[in-house]
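Thank you all for coming; I would like to take a few minutes to walk through one model with you.

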Amino acid sequence: MTAPILEATNLVRVYPGRRRLIGKAAPVRAVAGVTLRVMPGEVLGIVGESGSGKSTLGRMLLGIDPADGGEVRFDGNPMPRLGTSEWRALRARMQLVYQDPLAALDRRLTIARQIGEPLEIHNIVPREHQQARIDELMDAVGLRKDQGDRYPHELSGGQRQRVVIARALASRPKLLVCDEPVSALDVSIQAQVVNMLRDLQERNRIAMVFISHDLKVVRNIADRVAVMYLGRIVEEASSDVVFKAPQHPYTKALVSSVPVPGKTLEGRMILQGEPPNPANPPSGCVFHPRCPFAFDLCRTTVPTLRHTGPDRTAACHLVPGDAEPVAA
């Protein structure tokens, strides 16, 4: 059986809260015990509302944000500590695609220079062959060779995002973490970039963690989907299963919110209210204040993430599953 390229177990990330005039600052649990795995060549989509901890989790999977609890293993080995020589060497095999390409690029350097930086840093390609590799990468993401002499501000948003993707692919990584890579783009450009990412991923057999709040985009690119709410994974299954037969009430509400051409929202499950304050989460199931099906047990006991069918898990008292939790 193939081993996972990336494995996270009981990840926890806590940030100090804002200082108060009276009393102690309440800590914020951005990630609260997340367990997941990504197989080689697989695309795992992570979805949820803003503030659910998706971006923090993505940075933890790369070792950029250290975990306050739990463990990340890449290719079977524990993630090296941030800033060590082992961690820097590992960066060639795992890359991050940022949400804001303009913020991710140096406005003082040309596009070609920035795409070629990983080749120099990791000594991947001899200097005399670097330009050929840069031209190859630009062609792969749909950029013209003459655009290599331009600066980031001289390109459109979609073109800048293609530059960021080309730079991430320069070191031939085994894992890409894409953090809302198309949320700032027009819908037509989103489709182009998503299709390009999928083609490149399949061609190079790259594992990918695709973080987004846009379920339509995730449905088109992900093999499996993990749904996050207030720092926890509440459901995980194949993309087809999640969108056709969601089990957790929160997932049902998210899927119901996806517009379907020619159909009204009448009869759909509409999510009410706002997510609770992560510095002061509700007792029991953190979703119960917004759940139309909540009962007494939901208000007092935290549901564990359990197997609820072949290759699917959910954390809900209303969904029957195995007695053993996914992670102790």
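Predicted model: local features only at pLDDT ≥ 70, side-chain atom pairs only at ≥ 80, totals over all residues.

**A loop, a helix and a pocket**

I begin with Tyr98, which touches Ala104, Gln161, Val164, Asp179 and Pro181, leaving aside residues up to four places away in sequence, where contact means heavy atoms within 4.5 Å. Residues are numbered from 1 along each chain as its sequence is written, and side-chain values use heavy atoms, with hydrogens and water left out.

Tyr98 sits in the loop between strand E6 (94–97) and helix H3 (101–104), helices (H or I, at least four residues) and strands (E, at least two) being DSSP runs numbered from the N terminus. At 37% relative accessibility Tyr98 counts as partly exposed, since buried means under 20% relative accessible area, exposed over 50%, and partly exposed in between, with a 1.4 Å probe and protein chains only. The C-alpha atoms of Tyr98 and Val182 are separated by 9.4 Å, although these residues lie 84 apart along the chain.

Let me turn to helix H5. Which residues of H5 are buried? They are Gln130, Arg133, Ile134, Leu137 and Met138, and they cover an arc of only 135° around the axis, which puts them on the same side of H5; the arc is that of the directions from the helix axis to the C-beta atoms. An α-helix has 3.6 residues a turn, so residues three or four places apart point the same way. The buried residues of H5 pack against helix H4 (111–121) and helix H6 (157–169), whereas Glu128, Ala132 and Asp139, on the other side of H5, are exposed. After H5 comes Gly142, whose phi is positive, near 85°.

Ser239, for its part, belongs to helix H9 (residues 239–244), and at 5% relative accessibility it counts as buried. Among the residues that Ser239 touches, again not counting those up to four places away in sequence, are Val218, Ala222 and Arg224.

Finally, the largest pocket, where a pocket is, on a 1 Å grid over the protein atoms alone, an open set of points where a 1.4 Å probe fits, with protein on both sides within 12 Å along at least five of seven lines. This pocket is lined by 16 residues, of which Arg37, Arg224, Glu236, His307 and Thr313 lie nearest its centre, lining residues being those with an atom within 4 Å of a point.
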